[in-house]
Amino acid sequence: MTVSWSAYRRARRRSRQAWAILATAAVSIIAALFWFFTAGQFAAAGPAAEGPTEAPVFDPAFMKPVHEPNMVPAGSALAALDGLAVKGRAPATDYSREAFGQAWLDVDRNGCDTRNDILRRDLADVVFSEGSTCKVTAGHFREPYTGQDIDFRRGSESSRAVQIDHVVALGDAWQKGAQRLDPKERQSLANDPLNLIAADGAANQQKSAGDAATWLPKNTAIRCHYVARQISVKTAYGLWVTAAEKDAMKRVLASCPRQQTISAG
């Protein structure tokens, strides 16, 4: 079979065009994957309409301050972030919840355990069990992580709908400096109102032990407060951040450069 020179050139031209299209498509796919695994995974869920921009921290009417090893400096959250050490994660093989003390102790010694203190702080129209000024049995709130209105009803199954989130997850803290804290300091970290927010149960389970590089609230309106709160907790307890975590925090704070640190006093 004889092929003319002009036909050969046309075939070569079509081949080059095909390879150019494939190369462009490959670059687009790589760029899309890079975006998703940096900022995109957090934007993909979309913002919750009119969600809260912050969550409660401290109510002096019934709470007492919890001892923190370091004072959180007032001022820029971004500056505080730059003051945190950047390291890799320590091994998690010897982590246990018990290293932070019994769950929901009355660390501030106000007569109520921490879980009930946080429910009382974060919920509206709180109802206590009969004869108690501590045990919260019902209430409602605009949940900060999803922006949804949620009712709380105490019960063996219904209580799971509202959980108390450690803003800096204890598993994450363990791998980033909490192993060096003494037992009382770890108890404070686990029960400090600065590090606790009443949250949607499903969202809390999804977060697990994630840091800002792997999980951020679906409600974009609260992300600046959430990240500033993580930075403040890590400052208060001398914890560090990973490079990826710091980059994720900086991306959030770029939209709110005036965001301040947060304290529980």
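**Figure 1. Secondary structure of the predicted model.** Eight helices and five strands make up the secondary structure of the protein; helices (H or I, at least four residues) and strands (E, at least two) are DSSP runs, numbered from the N terminus. Along the sequence, these elements follow the pattern α-α-α-β-β-β-β-α-α-β-α-α-α. Residues are numbered from 1 along each chain as its sequence is written. In this predicted model, local features need pLDDT of at least 70 and side-chain atom pairs count only at pLDDT 80 or more, while totals for chains, interfaces and linings use all residues.

Figure 2. The protein has 265 residues, of which 46% count as buried, that is, under 20% relative accessible area with a 1.4 Å probe and protein chains only. Among contacts (heavy atoms within 4.5 Å) with a separation of 6 or more, 75% join residues 24 or more positions apart.

**Figure 3. The largest cavity.** A cavity is a set of points, on a 1 Å grid over the protein atoms alone, where a 1.4 Å probe fits but cannot get out. One cavity of 30 Å³ or more is found in the whole structure. The largest cavity holds about 80 Å³ of space, the volume being that filled by probe spheres set on the points.

**Figure 4. Lining of the largest cavity.** Lining residues have an atom within 4 Å of a point; among them are F58, M63, K64, V107 and N191. Helix 3 (residues 114-122) contributes the most to this lining, with three residues. By class, the lining comprises six nonpolar, two polar and three charged residues.

Notes. Heavy atoms only, no water. Buried < 20%, exposed > 50% of the residue type's maximum accessible area, 1.4 Å probe, protein only. 1 Å grid on protein atoms, 1.4 Å probe; cavity = no way out; pocket = protein on both sides within 12 Å on 5 of 7 lines; lining within 4 Å. Nonpolar A, V, L, I, M, F, W, Y, C, P; charged D, E, K, R; others polar.
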